[in-house]
Structure formats: structure tokens, C-alpha cells
Amino acid sequence: INQTGTVNGANAPAAKASIVAIYITGAGQLIPAGKTGALGTATQAIAASVAVTIGGQDAAVTYAGAAPGSLQGLYQINAMVPAGSASGSVPVQVKVGGTSAQSAVTMYVQ
């Protein structure tokens, strides 16, 4: 999801140096711990380290935790699109605790 609230795509690319929200599952424990069936809050951080690359460049992670208002188990990672990122379709890689998430994920950059 782009900083503007639009779904990222060819017709709605993210601006460079903007924040995008990336949603994942399987990121493990939260601090403070969650409860099965409860809604996530913005105060629950992913316990493991989180790293994101966009277009092969490190992206600053500004938030990594429960997706607020969603059932726990859905995680939200906010990352800044690198100012030097290429335009067009670029690969996105998320690592949690050193383990890479699904490969072949892309997003669009202006």
C-alpha cells in the first residue's frame, strides 16, 4: 500500500522516499505477546530483526509489527522507498530474523 493509501501497481507507483506498507504472515512472536483471535495493535513489534530491500537497495524500516486492527498473525512492515531506487517494477525482499520471505515479489516505483 502506498503512502497515499492507494494499492501499489503500474497505474499507482510509489514515490521515491515515500513510505509503503508491506503485509506478511509468519513473522513469529510479537512484543508484547499477542493472543489468538485478538486484534493487533501498533504497540506490538515483531520480536525478530526485520530488513527490507527495494530494488536491491536497503529500505529504512519505520514500523514492523502487528497490522493494527487486523487479526493477529497478519503483520505490517512500513519501509521507505530508497531515493535512488530505479523506476518501474522492482523486486522487494523482506527478511525476518535473517530468513527471507517469499521471492519474486515486486512493486512499482515512480
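1. T99 lies in strand β9, which covers residues 99-100; strands (E, at least two residues) are DSSP runs, numbered from the N terminus. T99 counts as exposed because its relative accessibility is 55%, where exposed means over 50% relative accessible area, buried under 20%, and partly exposed in between (1.4 Å probe, protein chains only). The C-alpha atom of T99 is separated by 23 Å from that of A42, and the two residues are 57 apart along the chain.

2. This is a predicted model, in which local features need pLDDT of at least 70 and side-chain atom pairs count only at pLDDT 80 or more, while totals for chains, interfaces and linings use all residues. Residues are numbered from 1 along each chain as its sequence is written, and side-chain values use heavy atoms, with hydrogens and water left out.

3. Strand β10 spans residues 106-109; M107 and V109 form its covered face, and T106 and Y108 its uncovered one. In a regular strand the side chains alternate between the two faces of the sheet. Strand β10 runs antiparallel to strand β8 (residues 88-96), and four bridges join them; strands pair if DSSP finds at least two bridges between them.

4. Strand β7 comprises residues 74-80. The side chain of Q76 makes a polar contact (a pair of N or O atoms within 3.5 Å, of which, within protein, one must be able to donate a hydrogen and the other to accept it; residues adjacent in sequence count only if both atoms are side-chain atoms) with the side chain of N78, at 2.8 Å. Leaving aside residues up to four places away in sequence, Q76 touches several others, among them A21, I22, Y23 and Y63; contact means heavy atoms within 4.5 Å.

5. S18 is found in the segment before β1 and is buried, with a relative accessible area of 10%. A polar atom of the S18 side chain lies 2.5 Å from the backbone oxygen of A15. Residues up to four places away in sequence not being counted, S18 touches Q3, A79, M80 and V81.

6. I1 is also placed in the segment before β1, the latter being residues 19-25. I1 counts as partly exposed because its relative accessibility is 36%.
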